[in-house]
Amino acid sequence: MNKWIRQEIQQLSAYKVPESSNSIKLDAMENPYKWDMEHTEAWLKILRNVSLNRYPESSANEVKQQLRSVMQIPDNMEIILGNGSDELIQTLALAVNDEGRVLLAPEPSFVMYRMIANFVRMKYVGVPLQVGDFELDMFAMLEEIEIHQPALTFLAHPNNPTGNAFFVDDIESVLETATGLVVIDEAYASFAEHSFMDSLYKYPNLLVMRTLSKLGLAGIRLGFLVGSPELLGQIEKLRLPYNINTLTQLSAVFAMQNYEVLEQQTKQIKIDREILTTRLEEMKGIHVWPSQANFILFQTKNAEKVFERLKARNVLIKCLHGNYPTLENCLRVTVGTSEENKIFLQVLEQVIED
Ligand code: PMP
């Protein structure tokens, strides 16, 4: 039967999510905190009255309204909601794809840019980041943009898996040079110093993409795209009806109404990120990259072995060795609770010396 599945799809390997039931889970950039009992009870009270027999509100207006109030979304800009920002990447690719059209992104970056280009049969161009500091290689970027005239360019700011935020001037040069749409993927905005939300009015080709996943709500799957009403009015036509389910809508509204809880958690994660960075830097044989996200990229000797040994001791992080040449012997750890970070460091110290 496989002959009916397109060749490119047969050649893809599916996005793997490792088993993690008994582990300290520091592999997926999740917020490690749950809500306290008081918030959980208040949330459950809202869910008790849900009419699950009815379709969700298709435009999810209340969600958008709440997002506007806490995310500094400019009044004259439109919002599109996605079932996670993954879905929005796919919607954008479907909207722009046509004969010979190119999707461009620096590498290494979020793997779904390349994968989704493949899904929709769009030509993908990956431009290597500078070796060493993972900044944009501006000579290569601008040259590739001139040559390929990409319909869609993705810049993750801060970048996954490297954790750095590219220089703002460099991103502005990309916005000025590219004639196609440029999406600044701000999945990690809550942990970063800079956002392009305020620059939307300056660049008609700019779209800002965010997600609630890293902020503390990975389970509800809600991403959003902000841009000019002209542009988003077109892209909205591709959004599947009811893509944001009722439980997600109600939970997102509740979470935004209690935003200070998430802000407090984010603040703590940023403090713990700095402590974790310092501790890692103090360890022998480790190179650490500075991070503006909720994870840290570091390099060891024998990363695969270190990863397996951590896993055997129930500490799950991400091994990036083999994913991309400049990620040789690299590992990525998500910032957990102070206690989880302490255990991770203790176990790491043991397994590195083994
Ligand atoms: N963008 C970046 C840069 C990411 O790292 C991720 C998740 N790893 C996403 C988008 C997707 O986020 P979600 O689909 O959970 O909204």
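The structure holds 11 salt bridges, each a side-chain nitrogen of Lys or Arg within 4 Å of a carboxyl oxygen of Asp or Glu. This is a predicted model: local features need pLDDT of at least 70, side-chain atom pairs count only at pLDDT 80 or more, and totals for chains, interfaces and linings use all residues. Residues are numbered from 1 along each chain as its sequence is written, and side-chain values use heavy atoms, without hydrogens or water.

**Salt bridges**

- Glu186 and Arg210 pair at 3.0 Å, N to O.
- Glu186 sits in the loop between strand 6 (181–185) and strand 7 (206–211), while Arg210 is in strand 7, 24 residues apart.
- Glu186 is buried, at 0% relative accessible area; buried means under 20%, exposed over 50% and partly exposed in between (1.4 Å probe, protein chains only).
- Arg210 is also buried, at 10%.
- Lys25 bridges to Glu30, with the closest N and O atoms 3.1 Å apart.
- Lys25 is partly exposed at 29% relative accessibility, and Glu30 is partly exposed at 30%.
- Arg6, Glu8 and Arg121 are linked in a network of salt bridges.

**Ligand**

- Around the ligand are 14 residues, each with a heavy atom within 4 Å of it.
- Asp185, Tyr188, Thr211, Ser213 and Arg221 come nearest.
- A side-chain N or O atom of Asp185 lies 2.6 Å from a ligand nitrogen.
- A side-chain N or O atom of Ser213 lies 2.6 Å from a ligand oxygen.
- A polar side-chain atom of Arg221 is 2.6 Å from a ligand oxygen.

Conventions: Polar contact = N/O pair within 3.5 Å; in protein donor to acceptor, adjacent residues only side chain to side chain. Helix = DSSP H or I, 4+ residues; strand = E, 2+ residues; numbered from the N terminus.
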